[in-house]
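Welcome! Take a look at the protein shown here, and then we will walk through some of its features together.

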Protein chains: 2
Amino acid sequence: MTLQIRKLDSSAAGFKQTLDALLAFEESTDDAIEGAVAKILADVKKRGNAAVLEYTNRFDRLPNGGAASVDVLDLPVAELRAALDALPQAQRAALEVAAERIRVFHERQKRELQGFSYTEADGTVLGQRITPLDRVGIYVPGGKAAYPSSVLMNAIPAQVAGVGEIVMVVPTPDGVKNQMVLAAAALAGVTRVITIGGAQAVGALAYGTETIAAVDKIVGPGNAYVASAKRRVFGTVGIDMIAGPSEILIVCDGTTDPDWVAMDLFSQAEHDELAQAIMLCPDADYIARVEESINRLLPTMPRQDVIRTSLTDRGALVKVRDMAEACAIANSIAAEHLEISAAEPQQWADQIRHAGAMFLGRFSSESLGDYCCGPNHVLPTSRTARFSSPLGVYDFQKRSSILFVSEAGAQTLGKVAAELAYGEGLQAHARSAELRIKAK
Amino acid sequence: MTLQIRKLDSSAAGFKQTLDALLAFEESTDDAIEGAVAKILADVKKRGNAAVLEYTNRFDRLPNGGAASVDVLDLPVAELRAALDALPQAQRAALEVAAERIRVFHERQKRELQGFSYTEADGTVLGQRITPLDRVGIYVPGGKAAYPSSVLMNAIPAQVAGVGEIVMVVPTPDGVKNQMVLAAAALAGVTRVITIGGAQAVGALAYGTETIAAVDKIVGPGNAYVASAKRRVFGTVGIDMIAGPSEILIVCDGTTDPDWVAMDLFSQAEHDELAQAIMLCPDADYIARVEESINRLLPTMPRQDVIRTSLTDRGALVKVRDMAEACAIANSIAAEHLEISAAEPQQWADQIRHAGAMFLGRFSSESLGDYCCGPNHVLPTSRTARFSSPLGVYDFQKRSSILFVSEAGAQTLGKVAAELAYGEGLQAHARSAELRIKAK
């Protein structure tokens, strides 16, 4: 069965409306999920471990009648190391290369943010101090969607930032542990692993229990319950962005092997039916060749059903006037992943203002970045690259302003502050500044 | 009437529970407000300017039967400049000094974040690019709580970041414009001012209308309707933190004039009844002197009713064992404003991990920082300094990862990525990496 992927032309009437409709993704909120999550969180906040244990035994169907206490749900750190040691050699080596490259990139990120201070002529010192968070929680999904690469991408930036405690929660449905996930935790510097999941794990991390200290921030992907719980605890703790469906946008000049581009579209589409894969290209003949590649390669893919649905429902091959127009459209899409698959990619990259990550040149497939180039694979989705950034070391640090006003500084600044404070009707502010001014 | 401010002792039984209870602040959500805001936002999204006009005429009680169209609610930029020119000279000079100092500090912030890239031995280039947001909205409250300093603090970082369009919305209840706010907008590089407010203004900025282009991020303080609207549009646009009540924590070694400390506590307490002002000090005699100052100075304050309620309900003077314990407690409080009012402040500052802004030494009153030192006065409240930062240039910039994989790089990275992708069951990812590997 030939796949009917949408073909659009930027010169056609109504193109902008068609594209907007294709990009539109309204996250539905499910009242049943919202209600269940609110109840679980309130229960965990009130009853602590007793609630966590009940929900875990029930939802994760733990064997042998369930766990007897939350304490036994802690995995000894030795078990993480054992999981790493037990991996097939090739897998272990790949995981180690990935972890090391991710660490190198994020250490470079850390070096950029060192804080600063400067001293003014009158001795007043102003500055900004950077400090790591004390304790963070990393949520890792259990079951089939358990991704060791995600453990590396979430935990290593925290470790590089200098976070003291990195607490990973991962449910073990039916008691099954994913050994590659545990091995990744060993490599990524996770300091504690608790085999709990769902809204109850988010609640335990946010509020703390008798045996689980409350964290300062929770990151990592999860299902609709986890996403809802993270939204609800935001403010009590920090959270990362709630991710929408994953997206790839390929801007192609028509010089890349069309099989490569087709497979890159598949690699996004295979994530799930809602994933979005779009190509922009000025060459109509090339677009036809990519379509031919898609239809020839699709039957060879184990996840072809997911790919077919994703590409049919949300994919598109778009004929554009030229590469400059492709870049303008790419800016309006602000894609999570942007491949510029072109012979001379830099000239087009210079025209891009909004993208989570840019993959430049035909050898830079998104899949390389997903696993092991070094930059983070947690990226802003759903056009949020207009205003937000990849997950990074900076997400595990915060800034404090430093103000040391000298006696001389207080004389001049005090008059300015008092003038403005009186103007705003805040007399105690004004008096507080004036008290520091010496009578002449 | 003597003010009964709470006096606590860190050595007393149950101190931690008492302090936790004092710090606790549960933001109530009002179902009536939530419902009204949801309706207004949906209406603005659907009907655009027509809805914005109706709500503005109704809620802001505009004179002469209200505005005839949204277009007339735009303030000409010349009017901002005229407001600046018409200010009393002392006020204008103070505003200019403040704007200039805020700009200098934030330019230093911008210099810290330059992005980076590095080239590996095989020619692979990895990096991070920093770009400003295209368009931001600054919400400025109207009426009595209209603060020109807030215009400077929100707009100047955006301007320094290089944001192209800075759109300020400010309601004009009963048609009254605050001239000092307009003057501040002129100084802060605001590119457009629209005299609308409330949830309808947030909706117009987030979704755009026929004549108002949608922005990428909305910052600035507002009432409960505005806060609710910002929360609801988050995701469509970025937002800053939703601020809780303002807080000051003063760690004092007992060597500062007690009148100064009392006035610093007032300067926080005068903001509103929910503001929180706490002092930690190891010297019981000094605490008594501060209390005496409070009671002597309070009757002289125009906003004494607000101060009295705030200090009675949420304030405290806490006797601690020593300054080291004061620092430990300060870390657990993670205050928005932390004054270290001491003869040798640096040694104590070195022990602080969590604070929005630190004011070091007895001349560094919070009020100086609120107006004109240079660092931002928009700071994390309600213990969120554990994981978040002052408003800054970085809030108007975002990062994009850059990945340029060389042909040689694709050979080695491709094998690593494929190994891990197969391990995660994502075969298209693996194939996409393998296609770039040359057959030997």
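## A salt bridge across chain B

B:Asp259 is buried, with a relative accessible area of 17%; buried means under 20% relative accessible area, exposed over 50%, and partly exposed in between, with a 1.4 Å probe and protein chains only. The side chain of B:Asp259 meets that of B:Arg296 in a salt bridge, 2.7 Å from N to O. This pair links distant parts of the chain, 37 residues apart: B:Asp259 is in helix H10 (residues 258-269) of chain B and B:Arg296 in helix H11 (residues 284-297) of chain B. B:Arg296 is partly exposed, at a relative accessible area of 40%. A salt bridge here is a side-chain nitrogen of Lys or Arg within 4 Å of a carboxyl oxygen of Asp or Glu. Helices (H or I, at least four residues) and strands (E, at least two) are DSSP runs, numbered from the N terminus.

Before going on, a word on how to read all this. This is a predicted model, where local features need pLDDT of at least 70, side-chain atom pairs count only at pLDDT 80 or more, and totals for chains, interfaces and linings use all residues. Residues are numbered from 1 along each chain as its sequence is written, chains are lettered from A and ligands numbered from 1 in the order in which they are written, and side-chain values use heavy atoms, with hydrogens and water left out.

## More charged pairs

Side chains of opposite charge can pair when their charged atoms come close. How many salt bridges does the structure hold over all chains? There are 46.

B:Arg92 takes part in two pairings that we can follow. With B:Asp85 it forms a salt bridge whose closest N and O atoms are 2.9 Å apart, and its side chain also meets that of B:Glu96 in a salt bridge (2.9 Å, N to O). B:Arg92 and B:Glu96 are 4 residues apart in helix H5 (residues 89-112) of chain B, so about one helical turn separates them. B:Arg92 is buried, at 19% relative accessible area, while B:Asp85 is partly exposed at 46% and B:Glu96 is partly exposed at 31%.

Leaving aside neighbours within four places in sequence, A:Arg399 is in contact (heavy atoms within 4.5 Å) with residues of both chains, including A:Gln128, A:Ile130, B:Tyr394 and B:Arg399.

Helix H10 (residues 258-269) of chain A has 12 residues and reaches 16 Å from its first C-alpha to its last, close to the 16 Å expected at 1.5 Å a residue. That expected span is 1.5 Å times one less than the number of residues. Because 12 of the 12 residues of H10(A) are buried, this helix is largely enclosed by the rest of the structure. Among the buried residues are A:Trp260, A:Met263 and A:Phe266. At the N-terminal end, A:Asp257 caps H10(A), with a side-chain oxygen 2.8 Å from the backbone nitrogen of A:Asp259.

In chain B, helix H13 (residues 323-333) is also largely enclosed by the rest of the structure, because 8 of its 11 residues are buried. Those buried residues include B:Met323, B:Cys327 and B:Ile333. They pack against several elements of chain B, among them helix H1 (15-23), strand S10 (247-252) and strand S13 (337-341).

## Positive phi angles

Most residues other than glycine have a negative phi, and most peptide bonds are trans. Just after H13(B), B:Ala334 takes a positive phi of about 50 degrees. B:Asn64 has a phi near 55 degrees; B:Asn64 lies in the loop between helix H3 (49-59) and strand S2 (74-75) of chain B, and is exposed, with a relative accessible area of 79%.

For B:Arg383, phi is near 70 degrees. B:Arg383 belongs to the loop between helix H15 (366-371) and strand S15 (397-404) of chain B, and counts as partly exposed at 35% relative accessibility.

How values were computed: Polar contact = N/O pair within 3.5 Å; in protein donor to acceptor, adjacent residues only side chain to side chain.
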